[in-house]
Amino acid sequence: MSKGLKIAVFLCAVMMVLASCGGKTEQKQTAQSGGGKETNKELKLLFPQMIEREGETLAGGTLVCGLVGDTPWKGIFNTFLYEDNPTYEAMLPMLANFMVEGPNHETVDGGYCNMTYDREKKTATYHINPGLTWSDGVPVTAEDIIFCYECIGHPDYTGVRYDSRYANVVGMVDYHEGKAKNISGVKKIDDKTVEVTFIDYEPGILWGSGITYNAEPYHYLKDIPLTEMASHDRVRKTPLSCGPFVINSMVEGDIIEYVPNPYWYGRKIAVDKLIMKRIAPTSLAAALKAGEVDIVDYFRADLYDQFVVLDDEGRTVFDENGKPKLKVDNLDFICNVEGAYGYLGFKFGVWNKEKGECEMFPDGGKFKDKALRQALGYAMDNDGINDIYYHGLRFTANSFITPYHPGFYDINRKGYSYNPEKAKQLLDEAGYKDVDGDGYRETPDGKPLKINFLYMSGSDVAAPIANYYIQNWKDVGLNVALNDGRLIEFNAFYDRLRNDDPAVEMYMAAWGVGSNPRPNGLYGREAQFNRLRWVNEKNDELLAKISSEDSFDEAFRAQAYKEWDENILEEAPAVPTAYRIRLCAVNKRVKNWDIRFVRDWDWCDAALVSDKPAVNTMK
């Protein structure tokens, strides 16, 4: 099978049904196809989505979860202050199912806090479970929800969550600008009920736009100045929890010991302790084989070939039962589609703190020419990268909308496939030519063109991938070099983006799209997460269309997403590179681990069948 055909088959597979272990539960994903028609196809992924292991559940025990990273997590254990994903992953046992999602990640009933929506009144109402209690014995109340809104909207708030979604709450802008002492549109109905009123009632609200997905303990944090909260011990070392587990001790940035929340109201917690442990990427394979960690919830795809038998072309080899043939006997794997995509980003400006919006360079910057941006996209051999280095567990992205939102994703969209001849043609026509004969193109006005490229460290394949992309661009005559001549570690990488380091011109990173498919939080002019600092009037118009009341109509909404996606692909402020398959490694002593989109699973359900981890015996 050719490389191109392999990728095409895999792309189709992702859009099909994700069938769970044993065939007990199926979840259908519907992909939008060209012409507005829908296709329903069914296929099992390589691995199931959950583990339901036979055997008597052990009473207690310690479950060890590994978080892969080459640098410590920042450890700001607060849902409106944290910014890095490793910290979020580390605090999940505290957060758990505060709210739960449906097949397309819209908010549905079944969490610790349910929502009701009233389109006519333009309201969303929180209904907190009467039994939900903080780990110090204080009940979770309406004040804990209101506290989140008041912190996010506060004039002193310097985090990233205040944007147009929260500005859409009635009274939020006046409060944010210091003109009001409270947010008029956020009202306590009773101790367990909060009503939020919106200015524009747009469909994204059903997916969490302007909704805080968690509570924070008002009684515990209210006396800490907001400017000091992120560094306070009550956030960094002793945060409260209303989920199944609470932090008992930690080695900051590396290890957290969780114990059951003594005031937990839900199903009985199955283990005595839960350890979240940072594992260096270079140590992960050995740690899993030795049983040092029981779970790696986001397994490194670049280590796949150390655990799964591949043929000479990099395809998975199946055993006589039709299951992937493993190189280890102490692990199982489960998988699902991940809500994220990789992208190549271009820097267009800076964040204007006073205006609270992105501000583009007056002269347009190095990437003002759309042809240059498009050429950089067509020059990238993403199929080769995903095939060779990720063994098909990543596949080339054709859109800024992911298969994670199948109701809005178009499988037939044309993205930036590998086409170096087209890249050369675009550059030639735009006037980028090699004037001095050194093999690299100059700008249309004859000046040298050298592009700084920021790329993150963190895996054994990071350097060869970066070098391969640089060679791709060299092949079409573009001179690209790593910032500082090296890879940059995770925290420093995002610090440089957040602070608009002028030395950063082009970078490669990933977006986590979250439950809400609405792209304003990543590409809106008022979004701090718009690290591109790209502003475009047509983009503004199309984002507004997605958010309009007309978009409550399903057909109108699908068309609005299509038009937005087509425009941003054409303008190419960034180029999508890869979608991801979430792969989870599970030790054979673990019972009940579930990563389906729709599930009743919670962290309290994780259990063990043995007090000793399974150790690999295969060579």
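Lys122 sits in the loop that joins strand 9 (113–118) and strand 10 (123–128), where helices (H or I, at least four residues) and strands (E, at least two) are DSSP runs numbered from the N terminus. This is a predicted model, in which local features need pLDDT of at least 70 and side-chain atom pairs count only at pLDDT 80 or more, while totals for chains, interfaces and linings use all residues. Residues are numbered from 1 along each chain as its sequence is written, and side-chain values use heavy atoms, with hydrogens and water left out.

- Lys122 has a phi near 60°, a positive value in a residue other than glycine.
- With a relative accessible area of 29%, Lys122 is partly exposed (buried means under 20% relative accessible area, exposed over 50%, and partly exposed in between, with a 1.4 Å probe and protein chains only).
- Ala96 is found in the loop between helix 3 (92–95) and strand 7 (100–101).
- Although Ala96 is not a glycine, its phi is positive, at about 45°.
- Ala96 counts as buried because its relative accessibility is 17%.

**A closer look at Thr577**

- Thr577 belongs to strand 24 (residues 574–587).
- Its relative accessibility is 4%, so Thr577 counts as buried.
- Leaving aside residues up to four places away in sequence, Thr577 touches Gly342, Tyr343, Leu344, Met380, Asn382, Asn386, Phe395, Thr396, Ala397 and Met508 (contact means heavy atoms within 4.5 Å).
- A polar atom of the Thr577 side chain lies 3.3 Å from the backbone nitrogen of Tyr343.

**The chain as a whole**

- The chain has 18 helices and 27 strands.
- Its radius of gyration is 24 Å, close to the 25 Å that the globule rule gives for 619 residues, so the chain is as compact as a globular protein of that length (the radius is taken over C-alpha atoms, and the rule is 2.2 Å times the number of residues to the power 0.38).
- Along the principal axes, the C-alpha atoms fill a box of roughly 75 × 70 × 50 Å.
- Of the 619 residues in the chain, 56% are buried.
- Among contacts with a separation of 6 or more, 70% are between residues 24 or more positions apart.

Definitions and conventions
Polar contact = N/O pair within 3.5 Å; in protein donor to acceptor, adjacent residues only side chain to side chain.
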